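Morning, everyone. Please look at the screen while I talk.

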Amino acid sequence: MLHSSFCRRILCAQAFVLISLICHSAVRPGIEVLEGRGFEGLVGKKVGLLTNPSGVDRNLRSTIDILNEAPEVNLVKLFAPEHGVRGDIYAGGKVTDSVDPKTGIPVYSLYGRTRMPSDEMLSGLDVLVYDIQDIGSRSYTFISTLGLVMRACALNDVEVMVLDRPNPLGGNKVEGCLVEPGFHSFVSEFAIPYIYGLTVGELALLINEEGLNCGEKGDQKPLKCRLSVIPMEGWTRDMLYPQTGLPWILPSPNIPYPESAVNYPSSGIAGEFRSFLNIGIGYTLPFAVFAAEWIDADALKAKLDEYEIPGTVFRTIHFKPFSGSNKDVLVHGVQFHYTDYEAAVCTLTQFYVLQAVNELYPSHNPFLNSDAPMAMFDKVCGTDYVRKTFKTRMKVEDIKDYWSKDVEDFKRLSKRYHLY
């Protein structure tokens with residue numbers, strides 16, 4: 001009986017793994033769909049490619065190599081966003097024009113002396129392909145680069161082709177107010193919510209058709225380019241990244257895991273206070289924690305538990321960052337987890353933490369004691385209302401309605417551009 005029961009458990013486990021693999025292997029990213037179509041839309045054209053290490057198929061073949069090795073495709077130029085096409089430039093480092101050592105194709109930097117392709121860079125191109133794994137948050141710079149590329153291509157009559165990929169936050173979560181006039185920047189280029197609930201292909205369609213592509217500072221005439229999107233196959237809006245079955249390749253150094261993309265909008269705004277709280281940068285949990293040398297971890301957890309924040313739980317944590325401002329210093333705080341992702345308002349998590357810290361340690365006021373310029377905080381929020389209102393009492397209830405005021409209208413608007 002024991003042997004029979006054990007065998008049944010093994011068979012059930014094997015069946016579960018097989019079913020999981022079948023269910024989780026359904027998603028095909030845009031590059032695979034494009035290849036399956038015989039590179040339709042690129043044949044007979046001179047092609048440029050904007051990508052980074054996250055542009056791969058499920059077998060980890062780079063889109064650079066796939067296009068370069070395809071006899072039907074004439075790949076003649078590469079364009080490098082922040083961190084470079086091969087990911088060899090660390091956060092904030094300037095990317096320079098170069099030659100890709102593997103293919104010998106010239107690489108033009110879009111994160112150095114210019115963020116928008118020049119006429120010379122685009123000269124001779126028929127189509128510019130975009131293939132980068134998005135993380136679903138407005139302040140990450142890759143979508144801003146895409147917008148500037150679309151503007152430049154509109155001016156030079158070059159088609160833009162976006163190879164679509166999953167939004168790791170899913171396709172239903174929308175949070176944050178729209179970027180307001182005067183607060184557009186490279187970290188808030190479009191008048192969209194902080195979490196926008198669209199794939200990068202859907203987002204490209206929306207900003208192109210709705211006249212949202214108004215330049216880095218949002219003060220230029222909107223331009224519309226010739227745009228095509230190669231959609232995925234098998235993706236649904238309720239999927240988080242682990243459900244896709246696709247390998248995760250970090251799109252930048254501090255987004256090493258799929259859950260890092262979920263954590264980023266939960267703590268990244270608070271990270272604009274620089275050394276006020278450690279949010280895991282310089283440790284193994286980027287964007288997943290809030291800690292400081294002077295915090296009592298148990299007291300902070302208890303205070304946060306009092307709030308009964310929907311879908312969110314906290315645990316105490318103590319660690320020594322191995323780089324950054326708290327290098328080799330033991331810090332104390334909390335790690336957050338989402339037990340009900342749909343119920344959680346991820347972007348408010350950091351504001352609840354700031355509220356709790358203020359209640360426990362009112363002398364540690366980040367708006368008074370941080371050495372960070374508040375202009376960047378406002379740019380990331382897309383408004384100065386959040387800063388001006390929140391700092392008066394440090395209460396989430398004072399900003400939550402304003403923060404969510406544009407969500408339903410944007411959901412209705414963006415639904416027009418859903419591909420899935």
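How many bridges join strand β2 to strand β4? Three, and the two strands run parallel.

A word on the source. This is a predicted model: local features need pLDDT of at least 70, side-chain atom pairs count only at pLDDT 80 or more, and totals for chains, interfaces and linings use all residues. Residues are numbered from 1 along each chain as its sequence is written, and side-chain values use heavy atoms, leaving out hydrogens and water.

Now the terms. Strands (E, at least two residues) and helices (H or I, at least four) are DSSP runs, numbered from the N terminus. Strands pair if DSSP finds at least two bridges between them.

Back to the sheet. It is open, with seven strands in the order β3-β4-β2-β1-β5-β6-β7 and mixed pairing. The edge strands, β3 and β7, each pair on one side only.

Next, charges. The structure holds 26 salt bridges (a side-chain nitrogen of Lys or Arg within 4 Å of a carboxyl oxygen of Asp or Glu). One joins Asp97 and Arg113, at 3.4 Å, N to O. Asp97 sits in the loop between β2 and β3, and Arg113 in the loop between β4 and α4, so the pair ties together parts 16 residues apart in sequence.

Are they buried or exposed? Buried means under 20% relative accessible area, exposed over 50%, partly exposed in between (1.4 Å probe, protein chains only). Asp97 is partly exposed at 37%. Arg113 is exposed at 72%.

Last, a network of salt bridges links Arg28, Glu32, Arg58 and Glu233.
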